[in-house]
Amino acid sequence: MDRPITVLFLCTGNSARSILAESYLNHVGGGRLRAFSAGSFPKGAVHPMSLATLKAASIASGTARSKSWDEFARPGAPRIDIVITVCDSAAGEVCPIFPGAPVKAHWSLPDPAAVEGLESARRIAFASVYADIYRAIDRMITLPFDEIEGPALSKRLNALVAG
């Protein structure tokens, strides 16, 4: 492929998990993989703890924004090769039709933005989800994308997050 493999991370609010995944994959993708994120019902702002988590990991988040998945189904949108839902709510929703029939996968990750109470508990929740995301993405970037596709790739991507 003469362009990076594009990955769209989807979640309901596009303020936490999908933002963390997009930012980390863009950090480690090495030009081979390019990430985007979106939500079915975007919050309109990135969760402050997402930004703090990325900053603590020295990951740039300057372009992170909460946006609708409709942006990626419109004419002129980037071609998406892989769509990964990172929350169970988004996985159960009817997604728009993305041009190019991307491979789909699902990573069931808890929502750190739903954790209430002490700031320390919320920080721990974000750090834990971020750790799950970076482990999955570190495994993902080693996949031989030129050798696997379709259902086989979907199965491999699904297995990256232990459920």
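Select asparagine 14 and show its neighbours: leaving out residues up to four places away in sequence, asparagine 14 touches Ile19, Ser37, Ala38, Gly39, Arg65, Ser66 and Lys67. Contact here means heavy atoms within 4.5 Å. Asparagine 14 sits in the loop between strand E1 (5-11) and H1. Helices (H or I, at least four residues) and strands (E, at least two) are DSSP runs, numbered from the N terminus.

Before you go on, know what you're looking at. This is a predicted model, where local features need pLDDT of at least 70 and side-chain atom pairs count only at pLDDT 80 or more, while totals for chains, interfaces and linings use all residues. Residues are numbered from 1 along each chain as its sequence is written, and side-chain values use heavy atoms, with hydrogens and water left out.

Stay on asparagine 14 for a moment. Is asparagine 14 buried or exposed? Asparagine 14 counts as buried because its relative accessibility is 0%. (Buried means under 20% relative accessible area, exposed over 50%, partly exposed in between, with a 1.4 Å probe and protein chains only.) Its side chain makes a polar contact with the side chain of serine 18, at 2.9 Å. A polar contact is a pair of N or O atoms within 3.5 Å; within protein, one must be able to donate a hydrogen and the other to accept it, and residues adjacent in sequence count only if both atoms are side-chain atoms.

**Next stop: salt bridges.** How many salt bridges does a search of the whole structure find? Seven. Each is a side-chain nitrogen of Lys or Arg within 4 Å of a carboxyl oxygen of Asp or Glu.

- Select glutamate 22 and lysine 67, whose side chains meet in a salt bridge (4.0 Å, N to O). Glutamate 22 is in helix H1 and lysine 67 in the loop between H2 and E3, so this pair ties together parts that are 45 residues apart in sequence. Both glutamate 22 and lysine 67 are buried.
- Select arginine 17 and aspartate 111, a salt bridge with its closest N and O atoms 3.7 Å apart. Arginine 17 is in helix H1 and aspartate 111 in the loop between strand E4 (103-106) and H4, 94 residues away. Arginine 17 is buried at 7% relative accessibility, while aspartate 111 is partly exposed at 32%.
- Select arginine 79 and aspartate 81, bridged with the closest N and O atoms 3.5 Å apart. Salt bridges with shared partners join Arg3, Arg79 and Asp81 into one network.

**Then colour helix H2 (residues 48-56).** Its buried residues are Met49, Ser50, Thr53 and Leu54. They're on the same side of H2 because they cover an arc of only 140° around the axis, taken from the directions from the helix axis to the C-beta atoms. These buried residues pack against helix H1 (17-28) and helix H4 (119-140). Turn to the face away from the buried side and you'll find the exposed residues Pro48, Lys55 and Ala56.

**Hop over to threonine 85**, in strand E3 (residues 82-85). Its side chain makes a polar contact with the side chain of histidine 106 (2.6 Å).

**Last, colour by pLDDT**, the predictor's confidence in each residue, from 0 to 100. The chain's mean is 90, and 93% of its residues reach 70 or more. Confidence is highest in H1, at a mean of 96, and lowest in helix H3 (residues 88-92), at 61.
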